Amino acid sequence: MGLTRNRRKKEPEIVIARDTDSESSASEEEEEDYPLSESEKEDEDVKIELEKSKAKGKAPITVKLKKVCKVCKQPGHEAGFKGATYIDCPMKPCFLCKMPGHTTMSCPHRVVTDHGILPTSHRNTKNPIDFVFMRQLQPRIPPIKPPYVIPDQVHCAVIRYHSRRVTCLEFHPTRNNILLSGDKKGQLGVWDFAKVYEKSVYGNIHSVQVNNMRFSPTNDDMVYSASSDGKIGYTDLETGTSSTLLDINPNGWQGPTTWNMLYGLDINSDKGLVLAADNFGLLHMIDHRSNSVTGEPILIHKKGSKVVGLDCNPVHPELLLSCGNDHFARIWDMRKLQPGESLNDLAHKRVVNSAYFSPSSGTKILTTSQDNRIRVWDSIFGNLDLPSREIVHSHDFNRHLTPFKAEWDPKDTSESLIVVGRYISENYDGAALHPIDFIDSSNGQLVAEVMDPNITTITPVNKLHPRDDVLASGSSRSLFIWRPQEKAEMVEEKKEKKIVICYGDSNKKGKKQKRGSDDEDDDDDMSSSKGKNIKSQAKTTKSTRKTKT
């Protein structure tokens, strides 16, 4: 049973960046977020009689318009949104679990996320590697899970911060209140959410979408970024000046078949390498000590497939995890990177959006796939042919959204709590909202779902703070900071709450590009409910959190 927490009585701090003519494209993008618009009214035969006054003696023309389902094109039923409720087409498989025989509304996985989940203990393979795991790595995982702390209240926000939708987030490694964000236009934002109004957006780094960011292991004020323009940028956050370390399109645009884009990005500090992967299945390496390219690109996924994620093991630096559009997540030994020489290939039914090792022990693997499945492997030393658990979750998105990625909570010592945004909207008091889900990966149970009635956009980008009880979310062009209710109220007592509205540009640091200077997908994360955006007027913001008991 879900229990509703008391809604907060105070409004969060909000910064609304100045809009220009960018909202002109909002209505165009809104229509494409869901394949179906609001459901049609009751089916009936509509007779339209047209009489031609000039053509005497001719019988009137009668036209019968029969309404059909927009999905299967068959009459007799309807599909789409009816108010805040989404109705599936009965002729198609369930949109949530992808299985026939029922609709999304009656799907058993919609009621409980752990439906059909059987917890699997560590598979004992009785070999020397497993002995190492038992003696050295398993003691790091406490036998008793600590209580989960869920950031469930919007504490502050920057509305319409970016000129295009947010694509990635990263917290500063040493300064707790600094959040980095990248967007579809190639801009990089730096926001001090402790002061709310201190923010900067740099538009001179990349020309198109920023796909991943990582801080330099040797300089906290420098950040690496991978972009669809085929470049690895190395940016000074104080000045906004950037240098290009890798450009895999030296000859410029030569057509879509030869254009290279960089997606996956990670840093192997022990080996001194910046790793980046492109849309042709290749892995590129840069020596971060000299900031120069080292070695030749290596084919790590199917030729011509996009490699969207890279993750280095936190305990075993020689292990590399990659995932891509060839429906595989692959484990590699960095000491012998050769095409086709992966240690394990983790098969999925559709595209793999992300793959991560567990943050403390590095023994678990978490993947997010387009088949609406979150998969968990309990031990990299056991049998990896099948996952330990498959959790059905709604994150199958369309092309106008940033891909959903389930991520570990880096503060959870039990390595079980994960966070992921939800695609299918739920009916909350007549409003269609898209919650952010906290799931216990050890049993598939929904720990909490957090939402705010003012946030009607889908929230695909979520990042948990590595040291503080803070959740950062990117929804459309806006950023939100969530804190636990108790801590949020403690912070509010120390200072007067206020809503800051910025009609001018942000504080200028270095060369920055003005926001809203061209066409943009302002509402490409909007749900078909077309709810109202967060208002700039001071009013009570209501947040809701539901927990499983």
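How do the residues of the lining of the largest pocket divide into nonpolar, polar and charged? The points below take up this question and then turn to other features of the model.

1. Basis of the note. This is a predicted model, in which local features need pLDDT of at least 70 and side-chain atom pairs count only at pLDDT 80 or more, while totals for chains, interfaces and linings use all residues. Residues are numbered from 1 along each chain as its sequence is written, and side-chain values use heavy atoms, with hydrogens and water left out.

2. The largest pocket. Its lining divides into 25 nonpolar, 14 polar and 10 charged residues. Here Ala, Val, Leu, Ile, Met, Phe, Trp, Tyr, Cys and Pro count as nonpolar, Asp, Glu, Lys and Arg as charged, and the others, Gly among them, as polar. The volume of the largest pocket is about 1200 Å³. On a 1 Å grid over the protein atoms alone, a pocket is an open set of points where a 1.4 Å probe fits, with protein on both sides within 12 Å along at least five of seven lines; lining residues have an atom within 4 Å of a point. Grid points are joined across faces, edges and corners, and the volume is the space filled by probe spheres set on the points.

3. Lining of the pocket. Of the 49 lining residues, Glu 170, Arg 214, Asp 266, Asp 311 and Lys 463 are the closest to the centre of the largest pocket. Elements giving two or more residues to this lining include S8, strand S12 (210–215), strand S16 (262–268) and strand S21 (307–312). Strands are DSSP runs (E, at least two residues) and helices likewise (H or I, at least four), numbered from the N terminus.

4. Aromatic pairs. The structure holds five aromatic pairs. One of them joins Phe 171 and Phe 193 edge-to-face, at 6.3 Å centre to centre and 80° between the planes. Rings of Phe, Tyr and Trp (its six-membered ring) pair if their centres lie within 6.5 Å; planes under 30 degrees apart count as stacked, over 60 as edge-to-face and the rest as tilted. Because Phe 171 lies in strand S8 (residues 166–171) and Phe 193 in the loop between strand S10 (188–192) and strand S11 (198–202), this pair ties together parts that are 22 residues apart in sequence. Trp 191 and Phe 193 also pair edge-to-face, since their ring centres are 6.1 Å apart and their planes stand at 65°.

5. Burial of the cluster. Phe 171, Trp 191 and Phe 193 form one aromatic cluster. Relative accessibility is 6% for Phe 171, 0% for Trp 191 and 2% for Phe 193. Each of these counts as buried (buried means under 20% relative accessible area, exposed over 50%, partly exposed in between, with a 1.4 Å probe and protein chains only).

6. Loop residues. Cys 107, in the loop between strand S6 (85–87) and helix H2 (108–111), is buried at 0% relative accessible area. Asn 291 has a positive phi near 55° and is partly exposed at 24%. His 327 lies in the loop between strand S22 (319–324) and strand S23 (328–333); its phi is near 70°, and His 327 is partly exposed at 30%.
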